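I set out to read this structure step by step and to note what I looked up. My entries follow in the order in which I made them.

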Amino acid sequence: MATHESFAGRANRFRTTNAWWIRIACYVSSIVLLLAAWQAFGNSFGVLFVPFTTTMLRLWEMLVDGPLLAALFVSGELYLVTLVFNIVVGVTIGLLLARSKLISAAFEPYVYILYATPTISLVPFVSVLFGFEFWPRVVVSVLISIFPILLGTLEGARSIPRQHLDVAAIFGSNERQLWRDVIIPYVTPFAMTGIKQSIALSMVGTLVAEFFLNPDGIAALMLEGTTVVDTAKVMAITVFVAAIAVVLVGIGELVEWFLVRWRHSAVG
Amino acid sequence: MATLSSGLETGVNRRAGAAAGWLTRERVAPVVAGLAILLVWEVVVATQLPDFVARPSGIIMAVPETVSSKEFWFDVVVTLGAILEGVVIGSVAGVLVGVAMGRVRELNWFLSTYIRALYALPLIALVPIVIIWVGYSSTSRLVIVIISVFLPVAVTTADGTRAVSRDYIDVGRMFGARTHNMWFGIALPSAMPFIVAGIELGFARGITNAIAVEVLASVPGMGMAVFTKSNELNENGSMVYVVCLAIFAVSVRAGMIRFRHWLAPWYRGATG
């Protein structure tokens, strides 16, 4: 019977006020242990691994000297254009598909096929059609990251309750009023959920486009490091990219948090 | 899909309902649209673009030549084999770590910083450092596929096993369940739909990332073939590979969704 008691005891212990400092201790110890191990074993794999401090120094150097900052601007531009494209085009196509049942039945299978197809394999086709410059990159990047917004909008527009549309029809709404008073307010939260995902996913698209279409920006910097086995450089940029990714996911969650609050206050 | 029937355009609904039998407008529409897409593609390339650009008729003509070659089957076997191997290893590892994280809070707190950070990171950004560590070899591809599957599976398994209903735990305890019964007899089965959703997501990412590694590390396989064929200006042959990859990816997704619906009809799945 000892097992049960210990299990119950453990469960209870977590519900006591002590849990928070155990939690903090876990977080802190995991970070400290990883950094310590990173530092301690940093020099034991030859050129393949560098200690934590070396990595951070290299990151600092690259930021101050400029190459990383310059690459960040190049990648940032592609990222922002991708995100804006995703929002504008994704919401538009989603609404168009939802507006007519026939059109959505006709094209939806192909949207899903395109979504499931590994976009990287389409890169040669895109480059044959459009070349290797900025806009082909946008095409690849958008192809990777548009679908959550598009499908979210479609799903939202489709789930508008029949009653809402009927009420609008009874009160003689014209097309413009229907959109302003019913469709747009109803679809917004669905689109926002897609936008939240796209904030993170557009970064994937940006990196893929930069890696595979005539390397540029942050991806090019990483590939340069790989070819000459400049481990410190590659590790520093990887950490940097991870930090940006965490921030972007955080921004996405913030967007969702505002959205949930807004939805609660709107529904009442 | 109750939402399907509440489409915006009610007029089409009524007219569609009037059409008798299985030959409804909704069933015919995708076929018409598909043919239209292929036709537009064919005509635009034939009239506006250089001869080497891939077009539907060219792709179909390239099928016999491509499929009869030895390299094609070699590429298919190595790429799909590596993906399947990575999915199996990544899923098993992800489930074990995920259950542990779901049932032991200290472990969850200890690991979650890294798991969540890696989960947020576009895995393509890990390819360069993995190439440095593992080399320009097929092992890099396997490692990346394993990570691609491991992360979503670990996260969904942890979420699923943490969300186990209190009642199951209480019943288990009453019948004298030991820790391993709690983990693998109660928590794991009830987290099954979460786990399948994680594998579904990981599988899709694994396919994409396997191709990415092949191209960046020059590992022979289907992804590499898409790019080399295209560089040789054999665009149609390149597209045959793309179509095969698309068929594989679509069937995997459809199969996993069907499996999940069969396993847990109530669960809607992970997104992203």
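Entry 1: I note here that the model is predicted.

**Entry 2: make-up of chain B.** I then looked up the secondary structure. Chain B holds 13 helices and 0 strands. Its pattern along the sequence accordingly reads α-α-α-α-α-α-α-α-α-α-α-α-α. I also checked burial: 42% of the 272 residues of chain B count as buried.

**Entry 3: a pair of helices in chain B.** I recorded that two packed helices are described by the angle and the distance between their axes. I applied this to helix H5 (residues 70-103) of chain B and helix H12 (residues 222-231) of chain B, whose axes come within 8 Å and cross at roughly 135°. H5(B) and H12(B) are therefore oblique to each other. On the H5(B) side I found Asp75(B), Val76(B) and Thr79(B) in the contact, and on the H12(B) side Met222(B), Gly223(B) and Ala225(B). By class, the residues of this contact are 3 nonpolar, 2 polar and 1 charged.

**Entry 4: the nonpolar core.** Which residues have the most contacts inside the largest nonpolar core? I found Val140(A) and Val208(A) from chain A, together with Ile124(B), Leu126(B), Val127(B), Ile144(B) and Val145(B) from chain B. The core has 132 residues. In chain A, Ile124(B) is in contact with Val204(A), Leu207(A), Val208(A) and Phe211(A). In chain B, its partners are Asn209(B) and Ala212(B).

**Entry 5: where the chains meet.** I next looked up the contact between the two chains. Chain A contributes 62 residues to it, and chain B contributes 61 residues. The side of chain A that touches chain B comprises 44 nonpolar, 12 polar and 6 charged residues.

**Entry 6: Ser145(A).** Not counting residues up to four places away in sequence, Ser145(A) touches Thr82(A), Asn86(A), Ser198(A), Leu201(A), Ser202(A), Val204(A) and Gly205(A). I noted one further distance: Leu83(A) lies 62 residues from Ser145(A) in sequence and 8.3 Å from it in space, C-alpha to C-alpha.

Conventions: Residues are numbered from 1 along each chain as its sequence is written. Chains are lettered from A and ligands numbered from 1 in the order in which they are written. This is a predicted model: local features need pLDDT of at least 70, side-chain atom pairs count only at pLDDT 80 or more; totals for chains, interfaces and linings use all residues. Helices (H or I, at least four residues) and strands (E, at least two) are DSSP runs, numbered from the N terminus. A residue is buried if 20 or more other C-beta atoms lie within 10 Å of its own, exposed if 12 or fewer, and partly exposed in between; C-beta atoms are placed from the backbone. A nonpolar core is a set of buried Ala, Val, Leu, Ile, Met, Phe, Trp, Tyr and Cys residues joined through C-beta atoms within 7 Å. Two residues are in contact if their C-beta atoms, placed from the backbone, lie within 7 Å. Ala, Val, Leu, Ile, Met, Phe, Trp, Tyr, Cys and Pro count as nonpolar, Asp, Glu, Lys and Arg as charged, and the others, Gly among them, as polar. Axes are lines fitted to C-alpha atoms, for helices over the stretch in contact, and angles run from 0 to 180 degrees between N-to-C directions. Angles under 35 degrees count as roughly parallel, over 145 as roughly antiparallel, 65 to 115 as roughly perpendicular and the rest as oblique.
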